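Hi everyone, thanks for making time this morning. I'd like to walk you through one structure, so let me put it up on the screen.

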Amino acid sequence: MAATSESRMEKTVNSLKEEYSSIRTGRASASIFDKVRVDYYGTPTPLNQVGTISVPEARLVVISPFDKSLISAIEKSIQSADLGLNPNNDGKVIRINIPPLTAERRKELVKQAKSVAENYRTTIRNIRRDGNDDLKKQQKAGEITEDELKIETDKLQKLTDKYIEEINKIYESKEKEILD
């Protein structure tokens with residue numbers, strides 16, 4: 001029982017990390033383009049599958065398309081992705097300068113990160129509730145004793161505390177990254 005709850009909690013934390021990787025900070029990062037899709041012969045394709053994304057400097061991203069005819073499609077996709085970035089191309093590669101964040105934008109991003117973290121904490125608590133409900137059903141059905149119910153419920157609470165603490169650490173790290 002605890003194993004399925006733990007794997008669900010682990011997946012939740014990994015999902016949070018994935019979502020945080022797409023929140024733009026003042027530094028260049030290839031992961032901010034993870035959700036960008038390029039129209040590749042009529043098929044929306046992830047940007048990292050139509051070109052190489054590299055970060056040669058702290059505030060510069062260079063995208064080298066595998067197929068040079070995709071340069072304008074890649075530029076359009078980046079502009080329409082609402083990342084607040086302006087791509088420039090020289091016919092071979094696309095260069096994107098990452099502007100420093102304004103204080104106001106940093107506050108908005110911290111608020112967004114905090115909201116995302118709270119949603120994930122709620123998800124962890126919902127997993128705990130589901131686990132507790134399953135344990136109570138097992139106890140009513142006579143599959144486990146009342147003592148086993150108490151032990152398993154305590155284990156589930158410890159797991160919940162562990163993963164909520166992990167979410168808090170990830171949030172604090174992201175907040176620090178945004179504010180730097």
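Let me begin with a term: I'll say "salt bridge" when a side-chain nitrogen of Lys or Arg sits within 4 Å of a carboxyl oxygen of Asp or Glu. With that in hand, here is what it gives us: Arg8, Arg129 and Asp130 are joined in a network of salt bridges. Please keep in mind that we are looking at a predicted model.

Let's take one link of that network. Asp130 and Arg8 meet through their side chains, with 3.3 Å from N to O. Where do these two residues lie? Asp130 belongs to helix α3 and Arg8 to helix α1, so this pair ties together parts that are 122 residues apart in sequence. As for solvent, Asp130 is partly exposed, at 27% relative accessibility, and Arg8 is partly exposed too, at 39%.

Staying with helix α1, which covers residues 2–21, have a look at Thr12. Is Thr12 buried or exposed? Its relative accessible area is 8%, and the cut-off for buried is under 20%, so Thr12 counts as buried. And what does Thr12 touch, once we set aside its neighbours within four places in sequence? The answer is Tyr120, Thr123, Ile124 and Ile127.

Now to helix α3 itself, residues 103–140, and its packing against helix α4, residues 146–179. The angle between them is about 170 degrees, and their axes are 10 Å apart. Anything over 145 degrees counts as roughly antiparallel, so that is the label for α3 and α4. If you like to think about composition, the residues of this contact split into 15 nonpolar, 7 polar and 10 charged.

Back to charges for a moment. How many salt bridges does the structure hold? There are 10, and I'll pick out two further examples. Asp90 pairs with Arg95, and their closest N and O atoms are 3.0 Å apart. Asp90 is partly exposed at 46% relative accessible area, and Arg95 is partly exposed at 39%. Then there is Glu118 with Arg125, where the closest N and O atoms are 3.4 Å apart. Here Glu118 has a relative accessible area of 32%, making it partly exposed, while Arg125 comes in at 31% and is partly exposed as well.

How values were computed
Residues are numbered from 1 along each chain as its sequence is written. This is a predicted model: local features need pLDDT of at least 70, side-chain atom pairs count only at pLDDT 80 or more; totals for chains, interfaces and linings use all residues. Side-chain values use heavy atoms; hydrogens and water are left out. Helices (H or I, at least four residues) and strands (E, at least two) are DSSP runs, numbered from the N terminus. Buried means under 20% relative accessible area, exposed over 50%, partly exposed in between (1.4 Å probe, protein chains only). Contact means heavy atoms within 4.5 Å. Axes are lines fitted to C-alpha atoms, for helices over the stretch in contact, and angles run from 0 to 180 degrees between N-to-C directions. Angles under 35 degrees count as roughly parallel, over 145 as roughly antiparallel, 65 to 115 as roughly perpendicular and the rest as oblique. Ala, Val, Leu, Ile, Met, Phe, Trp, Tyr, Cys and Pro count as nonpolar, Asp, Glu, Lys and Arg as charged, and the others, Gly among them, as polar.
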